[in-house]
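Dear colleague,

Please find the structure below, handed over for your records.

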Amino acid sequence: MNKWYAEEYEFTIDVIGYLLGDRTERYCCNGEEIGDRYTSTYGCPVNADGQGICSKVMLVMFPIMEAVRSGGDLENVGGSGKYVKDIVCPDGCVIFRLTARNLGNENFYKGKFYEPLS
């Protein structure tokens, strides 16, 4: 991998609660625990141990992350702040909090980094 572009946003995803009891055994294949934290810029979020976030929750997170990258305000889709939104996993057992932070780098498209193939 040759990451050549400094992304515009960094994302932190924290496990903040459960909807079903006080554990994820028998509910969550990824074994999420309250306090787990995942981070990423563009790639899939990983935790401090290098473990990736659940692929099912990533299906939900990606469009929200793209909304932020496109200048969106997460309050417009139920977030508690411009860059903060709580999300329940598709299995309905783990509650995640996505937080974005603008790094001050140029946008990929507006900065004209993208070169379409001719």
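Asp91 and Lys56 are joined through their side chains by a salt bridge, at 3.0 Å from N to O; the term stands for a side-chain nitrogen of Lys or Arg within 4 Å of a carboxyl oxygen of Asp or Glu. This pair connects distant parts of the chain, with Asp91 in the loop between β3 and β4 (94-102) and Lys56 in helix α1, 35 residues apart. Helices (H or I, at least four residues) and strands (E, at least two) are DSSP runs, numbered from the N terminus. Asp91 is partly exposed at a relative accessible area of 38%, and Lys56 is partly exposed at 37%. Here buried means under 20% relative accessible area, exposed over 50%, and partly exposed in between (1.4 Å probe, protein chains only).

The model is predicted: local features need pLDDT of at least 70, side-chain atom pairs count only at pLDDT 80 or more, and totals for chains, interfaces and linings use all residues. Residues are numbered from 1 along each chain as its sequence is written, and side-chain values use heavy atoms, with hydrogens and water left out.

The structure holds six salt bridges. Another of them pairs Arg37 with Asp14, whose closest N and O atoms are 2.6 Å apart. Arg37 belongs to strand β2 (residues 37-40) and Asp14 to strand β1 (residues 9-18), 23 residues apart. Arg37 is partly exposed, at 48% relative accessible area, whereas Asp14 is buried, at 14%.

Turning to the largest pocket, its space is about 310 Å³. A pocket is an open set of points on a 1 Å grid over the protein atoms alone, where a 1.4 Å probe fits, with protein on both sides within 12 Å along at least five of seven lines; lining residues have an atom within 4 Å of a point. The volume is the space filled by probe spheres set on the points, which are joined across faces, edges and corners. Among the lining residues are Tyr5, Tyr42, Phe62, Glu66 and Arg69. Helix α1 (residues 55-69) contributes the most to this lining, with three residues.

Finally, Leu19, Leu20, Tyr27 and Val88 make a nonpolar surface patch of about 330 Å². Such a patch takes residues with over 30% relative accessible area and no salt bridge, joining nonpolar side chains (Val, Leu, Ile, Met, Phe, Trp, Tyr) within 5 Å; areas come from the Shrake-Rupley method with a 1.4 Å probe. Val88 lies in strand β3 (residues 84-88).

Yours sincerely

Notes
Patches are made of residues with over 30% relative accessible area and no salt bridge: like charges are joined within 9 Å, nonpolar side chains (Val, Leu, Ile, Met, Phe, Trp, Tyr) within 5 Å.
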